[in-house]
Structure formats: structure tokens, C-alpha cells
Amino acid sequence: MNVPLLDLHQQTAALRDEILRAVTEVVDSTTYILGPKVAQLEQEVAQYCGAGAGIGVSSGTDALLMTLMALEIGPGDKVLTTPYSFFATVGAILRVGALPVFADVEDDTFNIDPNKMAEMLAADQQGERRIKAIIPVHLFGQCANMGSIMALAQQYGLPVIEDAAQAIGAEYPVLNNGSVHWQKAGSMGLVGCYSFFPSKNLGCLGDGGMVVTSDQTFAQTLRCYRNHGAQPKYYHSKIGGNFRLDPLQAAVLSVKLPHLEQWHKQRQANSQVYHELFAQAQLIDNPIRLPKAVYAASPEAAGHNHHIYNQFVIRVPRRDALREYLHQQNVGCEVYYPVCLHKQECMQQYGSNELSLPIAEQAAHDSLALPIFPELRREQQEYVVECIAKFYRS
Ligand SMILES: *Cc1c(COP(=O)(O)O)cnc(C)c1O
């Protein structure tokens, strides 16, 4: 059997006619930059995420970069973030000339640990107070601990930029006067950054992204930065860039967005199946740790996307050998991420190799993502678990 890590054929085939109609509309309209398709998607995504406004951009990376530019964060500044994420998170910080401050992650969620953040913020307060923003990442489709993160942000008066590239539609149980209300990833900080890279839960046919915010003034600033800081046209009080989302991609995304909740549900069902199969195979906890949906136990979690499983990441001993074996058995799997951000070669000029971030380093050593895409079939999951069982029994 062949089980790819991600297979977009079925999802694309099911929507093919609708997508082609939407694309044709853009082609015939001759509006190829921004225009009504981008504006429509911005409204739809903002509404879906519970934010006041959306600003369609060229990628998730540019969503982060543009936000930092618009906050005028630059040389001499620092940004508090996680050492365990896709490179774009830290790349955006470095590209504006700022430096990252890393707080280690939580062992059970891979997300930034608010206790470690509190330590870094307290230390910064004793020193030069250079931390100017916080970028939590909602890794693999589960929100970081936003209750504690927003409390810290408020205490220190810092803007929070949610890197929700992997988590569009994921929900977090916000505690408010003793009652819980569920809020979507990206709608809790000053801004949320999404990516429409094809492997994300909502993917386009190329690159695309969006920033959402409920701060209408900042939304205007972001729109200005998206288009070279021009306001009005040809008058530049700020240095922005070309960060525009293509209307072709926006049109495709408007076709796909109404299906997103169903795709989340299918991913969640696939996670459930893995839990059953790994339990039957008696592999859970020893030797394999399955991803933990930490908010699943919160009140009324049932109807909510406490985890959207952009990736289903297990923790395993002899990870690299298992990966090799699964590839031989035609099972797609991948390591997210093999090298922590502070261990990246380009970071060494900042001496970050000296940092001790043991939880993130352990995750880089033993995490492995299994196929979880919505159309994955039960037989395929049975095969994946069979292969893993064979590997550990031989
Ligand atoms: C995918 C991703 C990005 C970057 O998004 P692109 O659209 O590929 O530029 C940023 N952060 C995280 C956590 C991501 O997973």
C-alpha cells in the first residue's frame, strides 16, 4: 500500500469545476491585482476567524514580515518567540533587523511555555527593555496557551502577533468571568497571520496569506504597508513592500473556505482512528507518544476545534530509523522540525547555539509527522500503524 503524507488530488478533483469557474471569472475580469475577489476573501476569512478585518498578502511569511514592519520593529529591538517552529517565524524577525528571544516550549503541545516567557520578560525588564513584541506559534493546529500569553502581553504592554499559519480555524477556550468562550486562532492577539501554502488546512494553488486584526486603524496601516507604504498612490510616508495577495488565489480560496470546517472534522476523525489503532496495537506511551489535544477536556469542547491537526506529530524513539523504514514501506512521514531555530546555521552569528532549550531540542530529536489529510482512508491508517508496530517488534 502507498500512503502519502499529503494527497491533494481528491480535494482538488472534487472542487475542480468550481475552482476553474472562479479562475475564469478573474481571467475575464482583467482585474489581476487586488480588486473584488481579494476584498471578498478578506471579509470571509475575517468573519470566519472572528476578527474585524482581513488583509490579503502574498504568503504567511510576508504576513509576519509586514506586521513587524508596520509595528516599526527593527534594529536594537527584540521579539519573544518559540525556538520550535517553521523558519519563517524567526526569519521575519531577523529580516527587519531585530533579534529573537527564545522561550522554550511545553513538552505536551510543542507550543511556547508561558512560564519560560515570564522569565524572559522579567529579565528584559531588569535590563534594557528591548522586547517589543511577542510571536506565539499555534503549532501543528493547536493554539498556544493564549490565556497566559495575553496576560503577560498586557502586563508588559506588548503587541501579540499570532503565527496562526498552521491553525486557521483552531479554537482556544478563553476564560471570561468564570465562563468559557471559544475564540479562533489569530483573533486573540493584535493580529493573526495565516498562510495559504498548499499543505495548510486551507491551501491555495501557490502562495498566499492573510493578516487579520480587529484594530481598524492598524488594519489601515497594514493595507498601506502591503502596497509600498503608499498613501495616496505614489506618496510614501512609510517604506512598505509588494505584499499583495493575487485575486486568482483569492478566488480559489473563496471556493475552498466553505469546506474548511468539514476538512477539520475529517482530520479530527482521523486522529481519533489513530488513537484507537495505536491503543489496539498497545504502542501508546511505550514506545510512542501521541499528540495531546490539551483543550479537549475544557467545557463544551465537543463542538469546537480544539485541535485542527494540520500535522499529526508523534514522539518516538529511534526516530530517524523509523522514518527510513516507513519510507521503504511507502508511508509518507516527515520531521517537523529537525533543527530548532536557535540551532540553525544562520543563527550562529548571534551566539544562539549557547542557548539551552532542552524541551524544543528533544522535540527536534524525536518528533515525526504521520499522514492525517482529510481524505485519508481507514485502511491506510491501519497500514501505517501496522508498519510502525512491525518496526518496534522486530
Ligand atoms: C507555513 C508557515 C509559515 C509561512 O507561511 P508561507 O505561506 O509558507 O510563507 C509561517 N509560520 C509557520 C508556523 C508555518 O507553518
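Two residues are in contact when heavy atoms of theirs lie within 4.5 Å. The exercises below apply to a predicted model.

**Exercise 1.** Find where Asn-270 sits, decide whether Asn-270 is buried or exposed, and list its contacts beyond its neighbours within four places in sequence.

*Solution.* 
Step 1. Look up the helix: Asn-270 belongs to α9, which covers residues 260–280.
Step 2. Apply the cut-off: a residue is buried when its relative accessible area is under 20%. Asn-270 has 6% relative accessibility, and therefore counts as buried.
Step 3. Set aside the neighbours within four places in sequence; Asn-270 then has contacts with Ile-372, Phe-373, Pro-374, Leu-376 and Gln-381.

**Exercise 2.** State how the protein is divided into domains, and how far apart the C-alpha centres of domain 1 and domain 2 lie.

*Solution.* 
Step 1. Take the bounds: domain 1 runs over 9–259 and domain 2 over 260–393.
Step 2. Take the C-alpha centres of domain 1 and domain 2: they are 24 Å apart.
Step 3. Turn to the contacts between them: 49 residues of domain 1 touch 44 residues of domain 2.

**Exercise 3.** Describe the residues that surround the ligand, by number, class and helix.

*Solution.* 
Step 1. Count the shell: the ligand is surrounded by 15 residues, and the closest are Gly-60, Thr-61, Gln-166, Ser-195 and Lys-200.
Step 2. Sort the shell by class: five residues are nonpolar, eight are polar and two are charged.
Step 3. Assign helices: α3 (60–70) and α4 (88–95) each provide at least two residues of this shell.

**Exercise 4.** Give the distances from Gly-60, Thr-61 and Lys-200 to oxygen atoms of the ligand, and say what share of the ligand's exposed area the protein buries.

*Solution.* 
Step 1. For Lys-200, a side-chain N or O atom is 2.9 Å from a ligand oxygen.
Step 2. Turn to area: the ligand taken alone exposes 380 Å², and the protein buries 93% of that.

**Exercise 5.** Follow α3 from its start to the residue after it, noting how many of its residues are buried.

*Solution.* 
Step 1. At the start of α3, a side-chain oxygen of Ser-59 comes within 3.3 Å of the backbone nitrogen of Thr-61.
Step 2. Along α3, 10 of its 11 residues are buried, among them Gly-60, Asp-62, Leu-65 and Met-69.
Step 3. After α3 comes Glu-72, with a positive phi near 55°.

Terms used
Residues are numbered from 1 along each chain as its sequence is written. This is a predicted model: local features need pLDDT of at least 70, side-chain atom pairs count only at pLDDT 80 or more; totals for chains, interfaces and linings use all residues. Side-chain values use heavy atoms; hydrogens and water are left out. A residue is near a molecule or strand if one of its heavy atoms lies within 4 Å of it. A polar contact is a pair of N or O atoms within 3.5 Å; within protein, one must be able to donate a hydrogen and the other to accept it, and residues adjacent in sequence count only if both atoms are side-chain atoms. Accessible areas come from the Shrake-Rupley method with a 1.4 Å probe; for residues, only the protein chains shown count as cover. Ala, Val, Leu, Ile, Met, Phe, Trp, Tyr, Cys and Pro count as nonpolar, Asp, Glu, Lys and Arg as charged, and the others, Gly among them, as polar. Buried means under 20% relative accessible area, exposed over 50%, partly exposed in between (1.4 Å probe, protein chains only). Domain bounds come from an automatic or database domain assignment.
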